[in-house]
Structures are given as C-alpha cells and as structure tokens.
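Open the model in a viewer and keep the sequence panel beside it. The stops below say what to select and what is found there.

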Amino acid sequence: MTPDESPAHDAVVLAGGGARRLGGADKPGVRVGGRALLDRVLGACADARTTVVVAEPRPTARPVRWAREDPPGGGPVAALDAGLRRTAADDVLVLSADLPFLAAGTVRRLLSTLRAGRAEGVLLTDADGRDQPLVAAYRSAALRRELAALAADQQGLTGLPLRRLTAGLDLTRVPDPVASFDCDTWDDIAAARARIREHGHVLDEWISAVKDELGIDLDVDTGVLLDLARDAAHGVARPAAPLTTFLVGYAAAQAGGGPDAVAGAARKAAALASRWAEEAQREEAEQAAGRQASGQQGTGEQKTGEQKTDRGNGAGPGGSGPDAG
C-alpha cells in the first residue's frame with residue numbers, strides 16, 4: 001500500500017422502514033435537488049469497496065449489493081446484521097438512506113478519525129448533541145461482536161433499538177449538525193429542498209445532480225470552467241459561454257477524459273477568449289482614435305473655410321467692406 005492509498009472499507013446503507021412520519025411514502029426515493037435521497041447517500045460513499053443496501057431492490061445511480069433482514073421490517077439492528085454479513089472489510093460505514101447533506105468529505109473524516117484512534121466507532125452528533133449511529137464508521141469486528149452478544153442475550157435481533165448495539169461500543173463523537181440532518185418529516189424534506197437552492201449551495205448541488213444523471217464520476221475544478229464561461233461571455237458574446245464549455249468537455253473526452261484533460265482544454269479555450277477580447281479592444285481603440293482624428297480634421301477644414309469667407313466679405317484687414325477706404 002502506498003502512502004496515498006487508504007485501507008479498503010465497505011458501506012451498509014439502511015433503506016428500509018415504514019416512513020410512518022411521511023405517511024408511508026417511499027422515503028429513499030423522495031427527491032431532493034432532483035436526486036433520490038438514497039442516491040445522494042450512495043454518492044457520498046462511492047469510494048466503498050462494497051456497498052450493501054438493506055431494502056427491496058430498486059434502480060440506483062450506482063451499482064450496489066442488496067440484502068434484507070429476516071423478517072422484513074425487523075428494525076435497524078436486524079437490518080445492520082443482514083448488511084454486515086455481506087461485507088468483508090475491517091472498517092464499515094453505516095448510513096441511513098435519508099441524509100440529504102452527507103458528503104464524501106464527511107465520510108472520509110469519519111474513516112480517518114476511526115483509523116487514527118483506538119475507538120471502535122466514530123459517529124456524528126446532531127445540532128442538539130444527540131448521537132447519530134446511522135452516520136458513522138465502525139470497526140467491523142466490534143459490530144459483529146456486539147451483534148452476536150445481543151442475539152444470544154435477546155434470542156434474536158428483531159425489534160431492538162440501535163442504542164442497545166452502540167451501548168457496548170467505545171465511540172468517538174464528531175459534531176456535525178449539517179451532515180447529520182436526516183429527513184423524517186415532510187417539513188424536513190421542505191427544509192432540505194430550500195437549503196440546497198441557497199446561493200452558497202445551489203451550484204455544487206446542480207453539478208452533482210448533473211453528474212449523477214449523466215453517469216459521470218469526475219471531479220473537476222469548477223472555478224476554471226466558470227472563469228472560462230465568464231471570459232467567453234464578456235469577451236465574445238453571451239451565447240459563447242455554454243457553447244464553449246460544451247466544446248471543452250467534448251475535447252476533454254476525446255483526450256481520454258479526467259480532470260487534467262478538462263483543465264488543459266479549459267486553459268486553451270481561456271487563452272483564446274483572452275486573445276479574442278484583446279483583439280476586439282485594440283480594434284475599438286483604433287476606431288475611436290480614427291474617429292477622433294477625423295473629427296479634428298473636419299474642425300480644421302471648417303475653420304479654414306470660415307476664414308476664407310470672412311476675407312471675401314471684407315471683414316478682414318484690407319477688405320472691401322462698407323467700412324473700407
């Protein structure tokens with residue numbers, strides 16, 4: 001393993017449940033920012049070697065394995081046990097399917113904190129300081145130990161709350177009121193939909209949604225593309241912005257794709273836009289100078305004509321006007 005590589009990890013996403021507070025709606029399929037809640041969570045844990053979703057199979061934005069607790073609807077502990085049985089990594093993410101603001105950076109922070117210490121799990125706490133055991137990274141061996149102990153003590157796992165499982169674990173807690181926000185009610189859904197359309201979030205949300213829709217797994221410097229679009233719009237014409245960025249993407253794909261290909265194509269197009277704008281500015285300056293020179297020449301000719309007329313009328317010295325002689 002090289003220094004830049006991290007140990008493999010798996011992910012278990014719990015996507016079952018009756019969603020009673022949503023009136024029985026299909027909560028994992030509810031869309032926030034044009035994407036199903038489940039797909040948003042799957043995007044955040046895309047680096048997992050194996051991702052197991054505990055629910056009835058459904059179309060998803062990325063391939064996953066499916067599992068189901070026995071009996072179905074047996075609760076979160078039984079669902080976690082069913083998903084964990086299909087994983088093999090030493091570390092495992094355990095996530096619910098209703099986290100609209102979970103991001104890959106948060107997932108990496110959970111895993112790095114787990115690996116840097118001796119705790120058996122690292123979980124987020126919400127805005128009120130409450131544990132969120134379904135936004136967490138755990139050592140798989142510790143989960144299996146506690147699951148086995150609970151099953152033996154309770155003669156099964158059906159109907160057990162998660163706190164019975166996590167009570168036996170040595171945990172580290174990380175406050176994060178945003179990433180831990182889950183959608184239990186329609187008010188929560190409305191709040192999430194409103195937040196992603198705020199100025200500070202809408203662009204990243206839109207780019208993520210487009211990448212999911214098009215099946216693109218590519219992280220690029222959006223600042224470079226935005227600068228290019230601005231330069232093309234201002235230096236050429238407003239419609240040049242979307243057309244130029246499209247052509248940059250096409251050129252990057254022909255070059256093999258990847259962030260470097262996008263950045264290289266964007267730099268070339270930006271340089272062209274700069275040259276285009278400079279040329280237009282020079283031409284405008286030259287035309288302005290020509291108009292100014294033409295105006296000055298016209299003024300001089302007008303003055304010369306006036307002087308000739310005055311002399312012809314005897315208004316000047318030596319003239320033959322009525323006052324002469």
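Which residues are linked with Lys27 in a network of salt bridges? Select Lys27, Asp98 and Asp184: these residues are the members of that network. Keep in mind throughout that this is a predicted model.

**Whole chain**

Of the 325 residues, 38% are buried. The accessible surface of the chain comes to about 18800 Å², with 51% of it supplied by carbon and sulfur atoms. Now show contacts with a sequence separation of 6 or more: residues 24 or more positions apart account for 64% of them.

**Helix H2**

Select residues 76-84, which make up helix H2. How many of the 9 residues of H2 are buried? The count is 8, and the helix is mostly covered. The buried residues are Val77, Ala78, Ala79, Leu80, Asp81, Ala82, Gly83 and Leu84.

**Salt bridges**

The structure holds 16 salt bridges.

Begin with aspartate 26 and arginine 58, whose side chains form a salt bridge with an N to O distance of 2.6 Å. This pair links distant parts of the chain, 32 residues apart: aspartate 26 sits in the loop between S1 and strand S2 (31-32), and arginine 58 in the loop between S4 and S5. Are these two side chains' residues buried or partly exposed? Aspartate 26 is partly exposed, at a relative accessible area of 41%, and arginine 58 is also partly exposed, at 27%.

Next, select arginine 115 and aspartate 91, a salt bridge in which the closest N and O atoms are 2.9 Å apart. Because arginine 115 belongs to helix H3 (residues 104-116) and aspartate 91 to strand S6, the pair ties together parts 24 residues apart in sequence. Aspartate 91 is buried, with a relative accessible area of 8%, whereas arginine 115 is partly exposed at 28%.

Then go to glutamate 120 and arginine 145, where the salt bridge is 2.8 Å from N to O. Glutamate 120 is in the loop between H3 and strand S7 (121-125) and arginine 145 is in helix H4, so this pair ties together parts 25 residues apart in sequence. Why does glutamate 120 count as buried? Its relative accessible area is 18%, and it counts as buried because the cut-off is under 20%. Arginine 145, at 39% relative accessibility, counts as partly exposed.

**Nonpolar surface patch**

Finish on the surface. Select Val202, Leu203, Trp206, Ile207 and Leu226, which form a nonpolar patch there. Together these residues have about 450 Å² of accessible area.

Which helix gives the patch its largest share? Helix H7 (residues 199-214) does, with 4 residues. Valine 202 is one of the patch residues and lies in H7. Valine 202 is partly exposed, with a relative accessible area of 36%.

Technical notes:
Residues are numbered from 1 along each chain as its sequence is written. This is a predicted model: local features need pLDDT of at least 70, side-chain atom pairs count only at pLDDT 80 or more; totals for chains, interfaces and linings use all residues. Side-chain values use heavy atoms; hydrogens and water are left out. Patches are made of residues with over 30% relative accessible area and no salt bridge: like charges are joined within 9 Å, nonpolar side chains (Val, Leu, Ile, Met, Phe, Trp, Tyr) within 5 Å. Accessible areas come from the Shrake-Rupley method with a 1.4 Å probe; for residues, only the protein chains shown count as cover. A salt bridge is a side-chain nitrogen of Lys or Arg within 4 Å of a carboxyl oxygen of Asp or Glu. Helices (H or I, at least four residues) and strands (E, at least two) are DSSP runs, numbered from the N terminus. Buried means under 20% relative accessible area, exposed over 50%, partly exposed in between (1.4 Å probe, protein chains only). Contact means heavy atoms within 4.5 Å.
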